[in-house]
Amino acid sequence: MGFKEISTDDIDFNFINGFQKKYCLVSATAEGKSNTLTVAWAQVGHLWNRPVCTAYIRPSRYTKEFMDKSGRFTVAFFDGHADDLIYLGRHSGRDEDKLAKTSLHLVDVDGDPAYEEAKLVLVCKTIYTQQLDLDGCIDETIISNH
């Protein structure tokens with residue numbers, strides 16, 4: 001399967017449903033290895049005069065190490081593959097080759113990881129990183145529920 005590069009102006013995709021109802025994979029490659037995790041907490045928008053994708057990744061996640069080393073990551077959206085995405089979200093690449101236990105096929109797109117089965121892949125460059133500070137939560141139910 002080949003990927004077709006498109007402008008962000010030409011993307012016709014419901015990102016709210018993509019993140020919340022279907023989930024997606026955030027992946028990164030560093031030092032010749034790739035790792036991925038399933039995320040639902042992310043957003044796409046416009047910031048600092050550019051299109052951006054913000055992914056909220058816990059510091060303890062193995063994929064975050066790859067993201068920090070490479071300064072790049074991909075966000076892949078799928079139609080279907082729910083069992084695979086759930087598996088990838090519940091298991092760590094530190095402990096196993098978790099991708100080998102799914103039906104997904106990792107491919108290289110100009111040095112960045114993507115998946116043959118993906119409906120849409122965003123190739124991203126890290127431009128800002130910060131730890132979320134719970135003191136900033138005004139809605140207290142966020143802390144109690146999450």
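## Confidence

The chain averages a pLDDT of 92, and 99% of the residues score at least 70; pLDDT is the predictor's confidence in each residue, from 0 to 100. This is a predicted model, so to speak, with local features needing pLDDT of at least 70 and side-chain atom pairs counting only at pLDDT 80 or more, while totals for chains, interfaces and linings use all residues. Residues are numbered from 1 along each chain as its sequence is written, and side-chain values use heavy atoms, with hydrogens and water left out.

Confidence is lowest in helix α1 (residues 15-20), where the mean is 80, and highest in helix α2 (residues 62-70), at 97. Where pLDDT is low, the predicted coordinates should not be read in detail.

## Overall fold

The chain has four helices and eight strands. Read from the N terminus, the order is α-β-β-β-β-α-β-α-β-β-β-α. Here helices (H or I, at least four residues) and strands (E, at least two) are DSSP runs, numbered from the N terminus.

With a radius of gyration of 15 Å, close to the 15 Å that the globule rule gives for 146 residues, the chain is as compact as a globular protein of that length. That radius is taken over C-alpha atoms, and the rule is 2.2 Å times the number of residues to the power 0.38. Along the principal axes, the C-alpha atoms fill a box of roughly 45 × 40 × 30 Å.

## Burial and contacts

Of the 146 residues, 34% count as buried, meaning under 20% relative accessible area, with exposed over 50% and partly exposed in between (1.4 Å probe, protein chains only). Take contacts (heavy atoms within 4.5 Å): among those between residues at least 6 apart in sequence, 64% join residues at least 24 apart.

## Helix α2

Back to α2: its buried residues are Y62, T63, K64, F66 and M67. They pack against three strands, β1 (24-30), β2 (33-39) and β5 (72-77).

## A look at R50

R50 sits in strand β4 (residues 50-55). At 38% relative accessibility, R50 counts as partly exposed. Setting aside neighbours within four places in sequence, R50 touches G45 and I127.
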